[in-house]
Amino acid sequence: MNVMEIICNKLETQKLHMTLLDPDDQEPSVAARIASEAVAVGTDAIMLGGSTGVTQEILDETVIAIKSSVDIPVILFPTEAKAISLMADAIYFMSLLNSRNPKFLLGEQMKAAALIKKSGLEPISMGYIIVEPGMRAGMVGEAELIRRDDMKTAIGYSVAGELLGMKLIYLEAGSGAPEPVPSALIQGVRKAIDIPLIVGGGIRSPEQASAAIKAGADIIVTGTIVEEEGITEKFRNIVKAIKA
Ligand code: 1GP
């Protein structure tokens with residue numbers, strides 16, 4: 001089974017949680033320890049990404065360390081084409097649909113596509129949409145941020161992604177956002193698309209995770225909570241709320 005099949009299979013019976021780690025933030029052995037603690041409380045995949053300028057070496061070492069300690073999928077969440085580890089299980093082959101810069105729509109993807117295809121690394125086509133406040137992802141990605149009450153634009157981009165053949169849509173408020181994507185926006189997008197919906201950015205409590213799931217998110221991504229506090233009771237309760 002490839003990673004997308006694992007995700008779809010699980011989604012038939014449960015909602016998913018993915019733990020985002022930035023390979024630049026800790027030693028590979030520490031990333032591996034965090035990953036195995038996250039698996040113990042029920043996370044479904046490790047996403048690696050977050051910063052620009054991560055070196056190939058650190059990324060490879062982090063993937064190898066994580067893969068030697070956990071069995072769940074390790075998925076790259078890239079910012080640019082420069083550092084791509086062929087040792088990962090899959091890569092979000094993503095386009096920042098509301099970017100003003102063609103580099104984030106298809107430019108970086110063009111640079112890496114032939115290599116990815118030849119390597120056998122599994123590409124998972126994903127439409128990435130950044131909602132206010134967007135944080136660093138919004139700035140770096142030169143996003144035309146979706147206003148928090150702009151249902152029409154959020155739905156427009158999401159359905160456009162689906163019609164372009166993308167397998168997943170990701171609504172992102174930005175890592176460390178003071179508030180997650182509003183429930184109403186999640187609900188509107190959920191109703192408009194027939195592919196799985198990922199939601200992330202600013203989710204720091206079980207209540208917020210649960211609200212996003214109730215609104216229709218299929219997969220919740222958290223990064224900052226682990227980065228700031230490690231795998232704590234709160235993290236366990238977030239995963240529990242997603243699985244409830
Ligand atoms: C960022 O959506 C993810 O791409 C996670 O956000 O760091 O706020 O959990 P947080």
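Biologist: Why is Asp 218 called buried?
Modeller: Its relative accessibility is 10%, and buried means under 20% relative accessible area, with exposed over 50% and partly exposed in between (1.4 Å probe, protein chains only). So Asp 218 counts as buried.

Biologist: Where do these values come from?
Modeller: This is a predicted model, where local features need pLDDT of at least 70 and side-chain atom pairs count only at pLDDT 80 or more, while totals for chains, interfaces and linings use all residues. Residues are numbered from 1 along each chain as its sequence is written, and side-chain values use heavy atoms, leaving out hydrogens and water.

Biologist: What makes Arg 190 and Asp 218 a salt bridge?
Modeller: Their closest N and O atoms are 2.4 Å apart, and the rule asks for a side-chain nitrogen of Lys or Arg within 4 Å of a carboxyl oxygen of Asp or Glu. So the pair qualifies.

Biologist: What makes Lys 234 partly exposed?
Modeller: Its relative accessibility is 34%, and its salt-bridge partner Glu 229 is partly exposed too, at 36%. The N to O distance between their side chains is 3.4 Å.

Biologist: How do you know that the buried residues of helix 7 lie on the same side?
Modeller: Leu 185, Ile 186, Gly 188 and Val 189 are the buried ones. They cover an arc of only 165 degrees around the axis (taken from the directions from the helix axis to the C-beta atoms), which puts them on the same side of helix 7. They pack against helix 6, strand 6, strand 7 and helix 8 (contact means heavy atoms within 4.5 Å).

Biologist: Why do strands 4 and 5 count as paired?
Modeller: Seven bridges join strand 4 to strand 5, and pairing takes at least two DSSP bridges, so they pass. For instance, Tyr 92 has Ile 124 in strand 5 as its bridge partner. Both strands belong to a closed barrel of eight strands, running 1-2-3-4-5-6-7-8 with parallel pairing.

Key:
Helices (H or I, at least four residues) and strands (E, at least two) are DSSP runs, numbered from the N terminus.
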